[in-house]
Amino acid sequence: MAEIAVDYKYPEELDFFEKGFGLSEENDPDEGLFSYIYIYDDGSQLIVTHSPFGSVSFSAKLISKGIVVFNIYHEYVTEISFQAWSEEKVIRIYCNAKEIDTEFRVYYSPNPRIYVANT
């Protein structure tokens, strides 16, 4: 049986819906995958997924015109939160892998992009 980590902080499903996300086809709560999709005017899709099982993971994938622009994955997530700076809206992910703290941001509005940093 997989171990579930309950000591990480994450937004509730309603928070994702209020930010303009819907459920993605990858969403499967029975398997511990909570996945949301943000669809842009040009048809591009940002899919974010998190899982509380094992080492707690988060992934973000941007698909534009059928091409995967980026697909990042990180384990040892300690917190997922929505934030905003001016007009930019962000999902901020904090990770702790052994002695290396990592933080990355998934900018979802107005334009999708990622930022990754070791702190």
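Two strands pair if DSSP finds at least two bridges between them. Helices (H or I, at least four residues) and strands (E, at least two) are DSSP runs, numbered from the N terminus. The model is predicted: local features need pLDDT of at least 70, side-chain atom pairs count only at pLDDT 80 or more, and totals for chains, interfaces and linings use all residues. Residues are numbered from 1 along each chain as its sequence is written, and side-chain values use heavy atoms, with hydrogens and water left out.

**Whole chain**

Start with the cartoon view. The chain holds 1 helix and 9 strands, in the sequence pattern α-β-β-β-β-β-β-β-β-β. Of the 119 residues, 42% are buried; buried means under 20% relative accessible area, exposed over 50%, and partly exposed in between (1.4 Å probe, protein chains only).

**The five-stranded sheet**

Select β1 to β5. These 5 strands make an open sheet, ordered β1-β2-β3-β4-β5, with antiparallel pairing. Its edge strands are β1 (22-23) and β5 (67-75), each of which pairs on one side only. Strands of a sheet pair through backbone hydrogen bonds, either parallel or antiparallel.

Which residue of β5 stands opposite Lys 61? That residue is Asn 71. The hairpin of β4 and β5 has 2 residues between the strands, and Lys 65 takes a positive phi near 55° there.

**Two salt bridges**

The term means a side-chain nitrogen of Lys or Arg within 4 Å of a carboxyl oxygen of Asp or Glu. Glu 26 lies in the loop between β1 and β2 (34-39) and Lys 61 in strand β4, so the pair ties together parts that are 35 residues apart in sequence. Glu 26 is partly exposed, at a relative accessible area of 34%.

The whole structure has 2 salt bridges. For another, select Glu 88 and Arg 113, whose side chains meet at 2.8 Å, N to O. Glu 88 belongs to strand β7 (residues 88-97) and Arg 113 to strand β9, so this pair ties together parts that are 25 residues apart in sequence. Glu 88 is partly exposed at 26% relative accessibility, and Arg 113 is partly exposed at 37%.

**Rings and charges**

The charged end of Arg 113 sits over the ring of Tyr 107, 3.8 Å from its centre. A charge counts as over a ring if NZ of Lys or CZ of Arg is within 6 Å of the ring centre and within 35 degrees of the ring normal. Next, select Lys 19 and Phe 82: Lys 19 lies over the face of Phe 82, at 5.2 Å from the ring centre.

Rings of Phe, Tyr and Trp (its six-membered ring) pair if their centres lie within 6.5 Å; planes under 30 degrees apart count as stacked, over 60 as edge-to-face and the rest as tilted. By this rule there are 13 aromatic pairs.

Leu 14 lies in helix α1 (residues 13-18) and is exposed, with a relative accessible area of 52%.

**Backbone stops**

Most residues other than glycine have a negative phi, and most peptide bonds are trans. Select Val 56, in the loop between β3 (45-51) and β4. Its phi is near 50°, a positive value, and Val 56 is buried at 4% relative accessible area.

Move to Tyr 76, in the loop between β5 and β6 (77-85). Phi of Tyr 76 is positive, near 65°. Is Tyr 76 buried or partly exposed? Tyr 76 is partly exposed, with a relative accessible area of 36%.

End at Ser 109 and Pro 110, joined by a cis peptide bond with omega about 5°. Pro 110 is in the loop between β8 (100-109) and β9 (113-118).
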